[in-house]
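Good morning, and thank you for joining this group meeting.

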Amino acid sequence: MREILSSDDRRYGGSDVRNREEIHTMFIPCGDFAASAEITLPPLGAAYFEFIPDEENKDI
């Protein structure tokens, strides 16, 4: 998974709180989901992500 847009990016006048690296999912259940991921959310902003399956998780 990777961040594709953060409204807090410096280019938009924000404080540049972003997820710069690829975010790896973990097989730790959360709610009704089988996997979860730890992300950083900007204060008073929005972040959009794109799921990129790897060879292990192609069918997810």
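I shall begin with the whole chain and then turn to individual residues.

First, the basis of what follows. This is a predicted model, in which local features need pLDDT of at least 70 and side-chain atom pairs count only at pLDDT 80 or more, while totals for chains, interfaces and linings use all residues. Residues are numbered from 1 along each chain as its sequence is written, and side-chain values use heavy atoms, with hydrogens and water left out.

Let me take the overall form. The chain has zero helices and two strands; helices (H or I, at least four residues) and strands (E, at least two) are DSSP runs numbered from the N terminus. The strands are β1, at 2-6, and β2, at 47-50. The radius of gyration is 13 Å, whereas a compact globule of 60 residues would have one near 10 Å; the value is taken over C-alpha atoms, and the globule rule is 2.2 Å times the number of residues to the power 0.38. Along the principal axes, the C-alpha atoms fill a box of roughly 40 × 25 × 15 Å.

How much of the chain is buried? Of its 60 residues, 20% count as buried, where buried means under 20% relative accessible area, exposed over 50%, and partly exposed in between, with a 1.4 Å probe and protein chains only. The accessible surface comes to about 4900 Å², and carbon and sulfur atoms account for 53% of that; these areas come from the Shrake-Rupley method with a 1.4 Å probe, and for residues only the protein chains shown count as cover. As for contacts (heavy atoms within 4.5 Å), 47% of those between residues at least 6 apart in sequence join residues at least 24 apart.

I turn now to Asn 19. Asn 19 lies in the loop between β1 and β2, and it counts as buried because its relative accessibility is 13%. Which residues does Asn 19 contact, leaving aside its neighbours within four places in sequence? They are Glu 3, Ile 39, Thr 40 and Phe 49. With Glu 3, the side chain of Asn 19 makes a polar contact of 2.8 Å. The term denotes a pair of N or O atoms within 3.5 Å; within protein, one must be able to donate a hydrogen and the other to accept it, and residues adjacent in sequence count only if both atoms are side-chain atoms. The side chain of Asn 19 also reaches the backbone oxygen of Thr 40, at 2.9 Å.

The next topic is charge. Side chains of opposite charge can pair when their charged atoms come close. The structure holds six salt bridges, each a side-chain nitrogen of Lys or Arg within 4 Å of a carboxyl oxygen of Asp or Glu. Asp 9 takes part in one with Arg 11, with the closest N and O atoms 2.9 Å apart, and in another with Arg 18, at 3.4 Å. Asp 9 is buried, at a relative accessible area of 6%, whereas Arg 11 is exposed at 66% and Arg 18 is partly exposed at 31%. A further salt bridge pairs Arg 20 with Asp 16 at 2.9 Å, N to O. Here Arg 20 is exposed, at 52%, and Asp 16 is buried, at 15%. Through shared partners, salt bridges join Asp 9, Arg 10, Arg 11, Asp 16, Arg 18 and Arg 20 into one network.

Is Leu 44 buried or exposed? Leu 44 counts as exposed, because its relative accessibility is 94%.

Ile 4, Leu 5, Tyr 12 and Tyr 48 make a nonpolar surface patch of about 420 Å². Patches are made of residues with over 30% relative accessible area and no salt bridge, like charges being joined within 9 Å and nonpolar side chains (Val, Leu, Ile, Met, Phe, Trp, Tyr) within 5 Å. Of these residues, Tyr 48 is found in strand β2 and is partly exposed, at 47%. Asp 54 lies in the segment after β2 and is partly exposed, at 39%.
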